[in-house]
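This report is meant to be read beside the sequence and the 3D view.

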Amino acid sequence: MNVAKTYQIATIPGDGIGVEITNAAAKVLQTLASNAKHFDFDFSNFDWSSKTYLERGYYIPPGGLDELKAFDAIFFGAVGWPDVPDHISLWGLMLPLRNALCQYVNVRPTRILPGTSSPLSACKSGDLDWVIIRENSEGEYAGHGGETHTHFGNAVATDTSIYTQAGIERVMHFAFETARSRPRKKLTMVTKSNAQRHGMVLWDRIFHQVRKSYMDVDADTMLVDAMTVRMVLKPKSLDTIVATNLHGDILSDLAAALSGSIGTAPSSNLDPTRNNPSMFEPIHGSAPDIAGKGIANPIGAFWSAAELVSWIGEKDASAKLMKAIENITSQGVKTADLGGTDSTVKVTDALCAEIKRLY
Ligand code: ATP
Ligand code: MG
């Protein structure tokens with residue numbers, strides 16, 4: 001067999017169902033490569049998790065971030081466990097990865113997969129074809145602030161959002177380019193610039209400046225509160241959406257729920273300059289309530305894997321994987337969160353069989 005290229009993939013399964021869905025995604029990627037034949041994957045596993053944090057006192061060992069830079073891409077499961085406060089686990093593992101690897105864009109597509117249904121009765125499979133572009137490096141997640149002092153026995157704490165012109169411009173260009181590449185060429189920019197009168201106003205200003213280079217894109221703006229209403233009541237009026245780090249996080253959980261389940265939603269943490277590896281992960285967390293039961297929905301992980309395969313340049317294989325995912329959901333292969341009864345392993349095996357069938 002003539003394998004033209006072996007891609008080096010780092011896997012960071014993390015916690016809870018992150019481990020289960022990462023194993024499933026690695027199996028699917030392996031199956032894809034062995035059927036596509038012209039490329040292969042070499043996986044290196046990194047056991048950075050809340051368990052190792054409790055044993056060692058850190059998530060990422062010294063030199064760990066530099067080690068990751070040598071990879072073609074990273075697949076991430078989930079981080080967070082009840083024994084560790086969420087802000088410790090997020091700042092111990094996920095946010096340092098995004099920051100150190102300059103992954104300043106988080107891309108979160110949403111679509112109702114065939115055979116699954118939306119809680120919105122007016123929407124059927126194929127509807128809700130959205131891409132949320134979440135700013136991934138600054139804003140409300142800048143980490144700036146602190147519990148500053150006590151005022152007459154009252155604790156005082158601040159979280160300062162930090163927005164930079166360069167940071168906003170780069171994500172805005174990415175969003176306009178994404179909108180332009182899609183059939184409807186439609187972009188909605190989300191802020192809260194009526195109440196947050198500095199950073200959000202800068203977002204508005206840069207939106208209007210950048211827009212001048214994309215007059216072929218139909219662009220509008222929304223306040224985030226009104227946006228949640230529009231997503232529920234007029235979902236078909238939306239296509240590409242760009243929002244800050246926090247707003248993008250919240251809107252994409254809403255989008256995932258409207259598409260049927262948080263378990264199907266993928267995300268890509270991209271360094272569009274390609275100076276660093278990008279990282280792919282389902283948007284859901286470690287789901288301690290179902291961890292170890294073998295019932296986690298792996299579709300969000302598989303779709304994230306398809307995004308990984310596309311990003312490294314294997315577009316045909318990525319399209320095949322996406323087609324295989326849609327074929328099995330339309331055949332009714334589904335976990336409990338989608339109303340089915342299948343296990344993670346059963347969905348994984350069905351997908352591997354479908355990949356083989358498509359080649
Ligand atoms: P995080 O803080 O990391 O975003 P979270 O606390 O928001 O995590 P999740 O872990 O995403 O929570 O889970 C939210 C709910 O959705 C849980 O009840 C969980 O069981 C369910 N859930 C999440 N992912 C899946 C999945 N892949 N399959 C089935 N159910 C899921
Ligand atoms: Mg969450």
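Which residues of α9 are buried? They are I299, G300, A301, F302, W303, S304, A305, A306, E307, L308, V309 and W311, where a residue is buried if 20 or more other C-beta atoms, placed from the backbone, lie within 10 Å of its own. The model is a predicted one, in which local features need pLDDT of at least 70 and side-chain atom pairs count only at pLDDT 80 or more, whereas totals for chains, interfaces and linings use all residues. Residues are numbered from 1 along each chain as its sequence is written, and chains are lettered from A and ligands numbered from 1 in the order in which they are written.

The protein contains 11 helices and 12 strands, which are DSSP runs (H or I of at least four residues for helices, E of at least two for strands) numbered from the N terminus. Its radius of gyration, 20 Å, is close to the 21 Å that the globule rule gives for 359 residues, so the protein is as compact as a globular protein of that length; the radius is taken over C-alpha atoms, and the rule is 2.2 Å times the number of residues to the power 0.38. Of the 359 residues, 47% count as buried.

Helix α9 spans residues 299–311 and reaches 18 Å from its first C-alpha to its last, close to the 18 Å expected at 1.5 Å a residue, the expected span being 1.5 Å times one less than the number of residues. Because 12 of its 13 residues are buried, α9 is largely enclosed by the rest of the structure. The elements that cover its buried residues include α1, β3, β11, β12, α10 and α11. Just after the helix, G313 takes a positive phi of about 110°.

One of these covering elements, β11, has 5 of its 5 residues buried, so this strand too is largely enclosed by the rest of the structure. P266, S268 and L270 point one way from β11, while S267 and N269 point the other way. Its pairings are listed below; two strands pair if DSSP finds at least two bridges between them.

| Strands | Sense | Bridges | A bridge pair |
|---|---|---|---|
| β4 and β11 | antiparallel | 3 bridges | V105 and L270 |
| β11 and β12 | antiparallel | 4 bridges | N269 and M279 |

Around ligand 1 there are 17 residues, of which G263, H284, G285, A287 and N297 come nearest; a residue is near a molecule if its C-beta atom, placed from the backbone, lies within 6 Å of it.

Definitions and conventions. Contact = placed C-beta atoms within 7 Å.
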